[in-house]
Each structure stands twice: as C-alpha cells, then as structure tokens.
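Student: Could you walk me through the charged pairs and the surface of this model?
Tutor: Happy to; let's look at it together.

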Amino acid sequence: MVLIAASFAATAAALVASGASPVAAWSANEHRVVGAIAKYFLDPETESVLNTLIADVGDIVNATTWADDVKGTAPYKWSASSHYIDYEDIVAVDLNATVTNVSCKPVFDAVSCPGGYCVTEAIKNYTNRVDIHTGYSTKLRGEAAKFLAHYIGDISQPLHTCGKLAGGNGWLVKWNGSIFEPAPYSSYRHNLHFIWDQYMIEADIYLNYNNSFDVYTQKIIDDIKTGIWNPDYHKWTHCDNPFTTASGRVVRSACPDEWSADANDFNCETVWNRLGKNASDTNVDLFTNGYYEANKEIARLQLAKAGLRLATVLNSVVPNNGKNTRVNP
C-alpha cells in the first residue's frame, strides 16, 4: 500500500479538534487517497506508460495534487475555475414560506460554466489530450494525465458541483467547539467547504481507521473488491452518454456530466442539511450535531468513486491497446 501521509499521526488529533490549514477541493492527502485507489486498479501496461508520461512527479498518487500546486502560478492561473462547476441549486437552507422544495438539477450554461472553463469541460479536454491516438506530444499527454488525476477527484466532491456561496466557502460553521482554524491559520474561519474537503474525512480516519490514511484507503479498496460496494461498483463507471475523443475513440467509462450530476445530488440530499439558520450562524456544531455521522460515509464513497473512475479512464486511453472496459476487481 502506498504511504499517503507520513505526518498524519502527528496532526490528526488537532484535525479532529479544530481543523487544519485552508485548502481547495479535497485536500492534498484526500486527493492522494484517490490516487492510491486508482493506482491499485491500473493495468500494468497503463501504469508503465503513465509513469513515463508523468515522470516529473513520480506516479499517479503524486500526480493528484499537481493541479492544485500549479494553479496559483503565472502559467496556470487560467486553470483555477476548472476545479468546479457552479450549478444553481435550491437546497435546505433556501427553503421558506414561498420556496418549499429543494431542487438539484444540473444545468450547463454561462452561469455554471462561464466561457467553458469548469471541471466537466476540463475532464473532457484532458481525456482527449491524454488519448494516445489523438496525437499530442508526450509532454502534453503528461500534463493532461496530471490534470485528470486531480479533476476526477474534484468532481466527486459535492460542493465542487454547487455554486451556492462559492461551493459552501461562504457558509461559516463550528467544528468541535471552534469557529476558527488553529494556529498558524487562526485568522481563518471554519466553513462548510473545508469540512467536506478535509476535516470530516480526517476525523473519520482518526476515530475509525487507526489514525492511518493507508488503513482508510485499503478499506475503500477492499469494499470495492469484496465488501459493501462490490455489488454496485460497476455502476460508478457506467455512462449513458460516454465521451468520444478527437480520434473517434468512445471512452465508455468517461462521462463527467453524469459524474457531476451524481455528486450534485448530495447537495439536495444531505450536504446543506443540519446547518445553522444562516451563513453566519455558528451556534450549530457540525461535529457533534449529527452532521459528521450523517456524511462521513458519503465522503468515503465519493473518494472511492473518484479513484475507480480515474483508473478506468486511464486504462482506456493511456496505453496503445487500452482496454476501454470497466475495472474488474
């Protein structure tokens, strides 16, 4: 098993108590979980070719954090909006005397994906570029693989498919008695987005998985292979409308529009439930009021989907004889 985070044991208790540094998307360790799951399910030829394409970062686990690492640099600032799609949801916190029903109906338009820069279109673009048959250079194919490794993780996080208050970044919360980040980030307030990115998952790991990302990741793999998700895992990579690359290759496991809709459903089902009365109400503690217990398994499920989908797409388009079939654990 790939070691996800050697430093986790030293920081886990603080994460449960009050959180950690501000992050975007799943945090680095959570993205690495996606990469470790994908690595397990990669075909040997896929992994061999892929490691040549992404030699600058080493392997698929390391590749998962690259897009976050570079998005603040001058050459890649344009990519910041490609980490999410801003669907306009009506969720539990919107309900009042006149608005009585939640509604999560993903609509692709100039609001949700301005100028075509959003996570669904980014995944399509880079699936096309990494396809060995579309003729891109080794350098560009490697860049595409690194973007895919990250964005397929991003699109599984429900708040990356919801435009409300910047995907929950603007909804302040309390976490296990604290409304502020710990030092040295104590000027930052806890918000809903960060709960999903990191705190909820790492509290689960600390409390239920022996304080180990590796144990957590292996349990996800086991649950796909023979456990609770085995009867349904094939549905995660089934596409009603699969993406076709410029080479004419139908990538039967790639359908980012459908993946975004899948993640977005949770915004109506649970993500925006059990919160305070408004975006500034931090009287409700999400660690102790049932929110954490209601959602930690959803977060684990979404990481599992992301890892399996990433492996299946890469198995289809990276090697010369890509299988273009679903992973069979």
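Tutor: Let's start with Glu121, which is partly exposed at a relative accessible area of 22% (buried is under 20%, exposed over 50%, partly exposed in between, with a 1.4 Å probe and protein chains only). The model is predicted, so local features need pLDDT of at least 70 and side-chain atom pairs 80 or more, while totals for chains, interfaces and linings use all residues. Residues are numbered from 1 along each chain as its sequence is written, and side-chain values use heavy atoms, without hydrogens and water.

Student: Which residue forms a salt bridge with Glu121?
Tutor: A salt bridge is a side-chain nitrogen of Lys or Arg within 4 Å of a carboxyl oxygen of Asp or Glu. Here the closest N and O atoms are 3.0 Å apart, and the partner of Glu121 is Lys124.

Student: Is Lys124 buried or exposed?
Tutor: The relative accessibility of Lys124 is 19%. Because buried means under 20%, Lys124 counts as buried.

Student: How far apart are the closest N and O atoms of Asp94 and Lys164?
Tutor: These two residues form a salt bridge. The pair links distant parts of the chain, 70 residues apart, with Asp94 in the loop between helix 5 and helix 6. Helices are DSSP runs (H or I, at least four residues), numbered from the N terminus. The distance between the closest N and O atoms of Asp94 and Lys164 is 2.9 Å.

Key:
Helix = DSSP H or I, 4+ residues; strand = E, 2+ residues; numbered from the N terminus.
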